[in-house]
Amino acid sequence: NGGGEIAFPAASTTLSVSSEAATIDCEARGVPNIDVEVLEGDHPTFLIGYADTTVAAGVYLDGVVTFGNATLNDFTFGVANISNSTPICGLSFEHTESTGYIYQNLPSALKQTGLIKRTAFSMWLDGENAEGYILFGGIDHSKYDGELVTLPLIAGQNMSQPSTFNVNLNSIVIYDGESEVEVLSNTTSVLFDS
């Protein structure tokens, strides 16, 4: 939230993040207990931009992360010193991190430590109350209607394996109780994202 400039070398652009535009109350959200000397050490850096125009830049650190009754020792996490985003729990594929610095993500670390049995997560978002939760290692079958199906992920151009949660969408039909209107009939790639 201190403001600054973030340079995107691949795009040859620089984004300024104003300290006046900072709206995140870091104290209320929890501030990691990290010594300044640790932050000044030699650490891998990250720089990431999202589709909603939020950005973050900082360093990767290893430390003890505890939430609920789960503890992960020597867990790698990012500490952003320039950002206009709320805190993020990155759940991408380990081989597609924004920096090329590959580290174990949260679901993988939870499985390795025996806290969950499979490297999976599911989310439930309640649009009416702006509430929800994320479940690591399983699926809450009470939170959906109908049959749960598995869809194949699509690899991007010039990629041998998927790097995002993209799937094919074949059609969109709107039904008002009396008639149907087909809005999309061409297959297109869509991204599942929180």
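**Aromatic pairs.** I looked up ring pairs in this predicted model and found five aromatic pairs in the structure. I counted rings of Phe, Tyr and Trp (its six-membered ring) as paired if their centres lie within 6.5 Å, with planes under 30 degrees apart as stacked, over 60 as edge-to-face and the rest as tilted. Tyr60 and Tyr103 form a tilted pair, because their ring centres are 4.8 Å apart and their planes stand at 55°. This pair links distant parts of the chain, 43 residues apart: Tyr60 is in strand β4 (residues 55-67), and Tyr103 is in the loop between β5 (70-83) and α3 (106-112). Strands (E, at least two residues) and helices (H or I, at least four) are DSSP runs, numbered from the N terminus.

**Burial.** I noted that Tyr60 is buried at 6% relative accessible area, and that Tyr103 is buried at 16%. Buried means under 20% relative accessible area, exposed over 50%, and partly exposed in between (1.4 Å probe, protein chains only).

**Cluster and charge.** Ring pairs join Phe46, Tyr60 and Tyr103 into a cluster. I also found Lys143 over the face of Trp124, 4.1 Å from the ring centre; this requires NZ of Lys or CZ of Arg within 6 Å of the ring centre and within 35 degrees of the ring normal.

**Whole protein.** I recorded three helices and eleven strands. Of the 194 residues, 20% count as buried.

**Basis.** Residues are numbered from 1 along each chain as its sequence is written, and side-chain values use heavy atoms, leaving out hydrogens and water. Local features need pLDDT of at least 70 and side-chain atom pairs count only at pLDDT 80 or more, whereas totals for chains, interfaces and linings use all residues.
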